[in-house]
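Here is a short report on a structure. Look at the sequence and the model first, then read on.

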Amino acid sequence: MAEAQRGFGILFKRIERIWNGRLATPVRFSRIPQFGIGLRTESESRPSFHSADLAVGLGTLVLLYVAARVGAESLVKFNPPDVIPTISLDPRNLPNYAARSTLRMFIALGFSTLFTFVYGYAAARSRRAERVLVPLLDILQSVPVLGFLSVTVTLFIALFRGSLLGLEAASIFAIFTGQAWNMTFSFYQSLRTVPTELDEMATLYGLSKWERFTRLELPSSVIGLVWNGMMSFGGGWFFLAASESISVLNRQYTLPGLGSYVASAIAARDLHAVGWAIVTMVILVLLIDQLFWKPLVTIADRYKLELSAGEERRFWVVDLWRAASLPAIFERILGPSLFGLDRMLSHFTRVEPHAERRSTSKTADRVFNVIVSITSIGLLVVAIRFVLSGVGLAEVGHAALLGLATAARVLALLVLSTIVWTPIGVAIGFNPRLARLSQPLVQICASFPANFLFPFATLVFIRFGIHLNWGSMLLMALGAQWYLLFNVIGGAQAVPNDLREMATSIGLRGIRKWRFLIGPGIFGSWVTGAITASGGAWNASIVAEIVSWGHTTLRAAGLGAYIADATSTGDWPRIVLGVGLMSVFVVTLNRIVWKPLYRLAQTRFQLS
Amino acid sequence: MAHTTSLLTAERVSKTFPLSAGGEQTVLETVSLTVAPGEVVALLGRSGSGKSTLLRILAGLIEPSTGIVTRHGVALHGPNPDVAMVFQSFALLPWLTVQENAELGLTARGVPKENAEKEAMYALQMVGLEGFEGAYPKELSGGMRQRVGFARAFVMKPDVLMMDEPFSALDVLTAENLRGEISDLWERGSFPSKSILLVTHNIEEAILLADRIVILGTNPGRIRGEVRVDIARPRDKSGPRFRALVDHVYTVMTNPEAAVEEVPAATAKPTKRFPMLPHARSGGISGLLEIIYDRGGREDLPQLASDLRLEIDDLLPAVDASALLGFASVAEGDVTITDTGKEFATAGIHRSHEIFKEQLLSRVPLTATVLRVLEQKRDGRIGKEFLVDILDEHFSDDEAEKQFQTLIDWGRYAHLFEYDADEERLYLAEPEEDVADRDAQSAAD
């Protein structure tokens, strides 16, 4: 794969060079700094060869056609909620289903990005907003998204009465909740860590709010945003698969898509269909990675804040795009109007040079704090009363015990994954060639929705009579383990070479080498991976603690199964109790386990 | 001076920041300063003198706690539109080309594209960057990057060009070169701003560029006085007048009580229970003393700094610490090693630790206090928090942490106490004999 990419890159580069030799008249055109999101630099925007144009043009047309067709389907088909769209298990329908699922994913990504900008900006810019928005984001991040499906599905169906759009919206919302928080946090962090002198420069040179955003803040956060977007997008497939086919409030809802195809295949005990879906999914993940994320990562790479000159990342899609003249023509046509728009937006957001700074009064702050505290306590009291009046205290104790069971599963799977994957990850990370080859592979594994593999595992459990109390651990690990492996590889790569040479030269071996070099060296990355894996495992428990094959249903004792049950029967107090308890568990674990470990990693085991 | 037209004036400006332990840290205390057209003013001070804060208050980036800033007689609120700044770390946007970086301020003002482009090209030519318009900052060397920083400031045609230690991130030769070119531009009279306000801790730089040098004192930051540089331009660094001024300024900078010019020194400060420890590492102190000893026991500070290629901010903490510990005395820009200092510089490892310990206990009351507390406590330990809390009442959070780190470093070197960074606890060092034994043993080996 990587070889092929490099081959393509070299080929295009060579053709480009030959062509440029003949037609060496560089065309200058006014580039709007922030819009030159860098698909081209001035020297590269010249007429070029036709095959690249053909590819770029055709690709764009195909994309537009598919988007239009699939989009129209979900709009036009007017299905009352009682008429459930049926899923055909004929593999020939898969491309269509895949396209519809993909469209959902991208719409959700669009909303996530929008949300990220608004929420992240508000949190970073206003001290008061920050005090509410950041803790809220922390909680939202810890709440099991799948537990919310019942709430959102009901809400959106009521909103779009008599149309499939309600279900579409609910599914998109589920994906959105899986993507948005990470991206928002990353954006907020980037905004907060813009270097002081750059910030002062922007103020002193009178940059308008628009200019500050497009020239300074967006570029300096784009790398984090793209990487987080890519990881969240991968996680989004999981929610897509879970949200396309769901039984809520005693009713089965189905949206045409890859996820519901798998669900139907499971109900029909059709292993071939599941296999076809997995093949489709792999192709889809690869395609989106190559055509969307890799180009974005390549482009984002230009927005490094440090000024060190380094080799520019190359990627065949970006090279192709740069080589083609079609985009240049479009840019030349659109350039002036974009430039005008840029100037206009800048004009309207100009900062008045003599703006009196608002004084921040301490009493107002205090009042604000009191109001926030009272509101949150009030909400908490209402929720607790609702649960207690519905189910009673004994039920709370029962659910808490189930929560402990799930917590034990999450911790056990983390320990097991660590034992299995850390040596492998370190071995890969210490071998540069192996690391280069395997890292994209692991990344793809991480974004492959684990719930597509559940049927196979379920069959194994049934065949060998493994109780799901144990089996669910494996199911949860199917998705979560990759984050651990991914981060351990990264951590091992970051261990400086001279430290490793030192270890060899003083004869550090075996356990002592792990204790003094490798362990401390990868600790920080391991913690990051473990936090992500634990979050993923909690979420996965809702679909992993209760699985079925045809009419056989396996069930584990745990909070995940509890929430899943409550959701499908529409038992509101139990839904609130389950989701609330799970959030409490996740937040508590974060506070008493992960945060201290993270701090330890930051202060004690920081390399360099 | 009050009658000259002023471009920019600070009137009795103070800046305080709240301390987390309660109370306030005063960074600047009733500072007044005027920048008149046609002059180059240098703010010279050591780290902690609030010179950068003063610059930012004048630029309108920071609001003063009390006092006011006026530009052309009008009170300033918010960013000052009459100034442009050249930053220490260049503050270039890496994703914009040299040209785009240079025009940034003009386009923000709404200047039409063609005009902005023309102005930027002109400024880039002025700093010798023609031909680099399309390059990205990462393709340039450090010196060229700062040239872009200058060009970006030049196109604004500001009343006052502010420079915040503009050469300190560059290597010595590059800095020398660029400094010379800026000085040439100013002397030729084609400089694109009416005045220059320069913040620096480099004494020679201040004397080379400035018409007058405003010297700031530390803790709290305040103006101690100013030195007029009455040397004709272009200035010869090796000329007798230049050298004399360098010596004079060094004397002033190394002695907080010395008079700047004829201005009497500020009223003597009451002695504090916790004198500020200079941020010098024990290794640096002993290194410095060994060098002075090797050079005959007496050395001219400017000479020493230039020989060692050190800025005063790097050199003076070690000098101050040596003086504080009684290893050296400083007078008129010269540093002289004392008898104790000589003994310290020539003693073996073990003996030098002992001398350091004696001096530390007798000269820095805080260490004696810490030692007493440690001895009184049954477990012989105290937490870092305990000490930092005490320091917090006298210093800002940042400074308290630095004071603590310095104290730990000195205490460890003197074998007075040990520090466990994991548990953040101080404890008594193991008995001296053990160390002596080990020293003897290793010597025997």
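Glu299(B) has Val335(B) as its bridge partner in strand 13 of chain B. This is a predicted model. Strand 11 of chain B and strand 13 (residues 334-337) of chain B run antiparallel and are joined by three bridges.

These two strands belong to an open sheet of three strands in chain B, ordered 11-13-12, with antiparallel pairing. Strand 11 (298-300) and strand 12 (328-331) of chain B are the edge strands, and each pairs on one side only. From one strand to the next, the twist averages 20°.

## Sheet 14-16-15 of chain B

Chain B also has an open sheet of three strands in the order 14-16-15, and its pairing is antiparallel. Which strands stand at the edges? They are strand 14 (381-383) and strand 15 (417-420) of chain B. Each has a single partner strand, so one side of each lacks a neighbour in the sheet. Neighbouring strands here are turned by 25° against each other on average, direction ignored.

Strand 15 of chain B pairs with strand 16 (residues 425-428) of chain B over four bridges, in the antiparallel sense. Glu418(B) has Tyr427(B) as its bridge partner in strand 16 of chain B. Asp420(B) stands opposite Arg425(B) in that strand. The hairpin of strand 15 and strand 16 of chain B has four residues between the strands. In this hairpin, Glu424(B) takes a positive phi near 55°.

Strand 15 and strand 16 of chain B pair through four bridges. Helix 13 (residues 365-376) of chain B packs on this sheet and touches strand 14, strand 15 and strand 16 of chain B. The direction of helix 13 makes about 80° with that of strand 16 of chain B.

Helix 14 (residues 384-392) of chain B lies across strand 14 and strand 16 of chain B. Helix 14 runs at about 55° to strand 14 of chain B.

## Domains of chain B

Chain B is divided into domain 1 (8-254), domain 2 (282-345) and domain 3 (363-444). The centres of domain 1 and domain 3 of chain B, taken over C-alpha atoms, are separated by 41 Å. Six residues from domain 1 of chain B and five residues from domain 3 of chain B make the contact. On the domain 1 side, three residues are nonpolar, three are polar and none is charged.

Helix 3 (residues 94-125) and helix 6 (residues 165-192) of chain A cross at roughly 35°, and their axes come within 7 Å. The crossing of helix 3 and helix 6 of chain A is right-handed. Their contact has 18 nonpolar, seven polar and two charged residues.

The average pLDDT of chain A is 80, and 84% of the residues score at least 70. Residues 1-48 of chain A stay under 50 in pLDDT. For this stretch of chain A, the model has 60 contacts beyond four places in sequence. Where pLDDT is low, the predicted coordinates should not be read in detail.

Definitions and conventions. Residues are numbered from 1 along each chain as its sequence is written. Chains are lettered from A and ligands numbered from 1 in the order in which they are written. This is a predicted model: local features need pLDDT of at least 70, side-chain atom pairs count only at pLDDT 80 or more; totals for chains, interfaces and linings use all residues. Two strands pair if DSSP finds at least two bridges between them. Axes are lines fitted to C-alpha atoms, for helices over the stretch in contact, and angles run from 0 to 180 degrees between N-to-C directions. Two residues are in contact if their C-beta atoms, placed from the backbone, lie within 7 Å. Domain bounds come from an automatic or database domain assignment. Ala, Val, Leu, Ile, Met, Phe, Trp, Tyr, Cys and Pro count as nonpolar, Asp, Glu, Lys and Arg as charged, and the others, Gly among them, as polar. pLDDT is the predictor's confidence in each residue, from 0 to 100. A crossing is left-handed if the near helix is turned anticlockwise from the far one by less than a right angle, and right-handed if clockwise.
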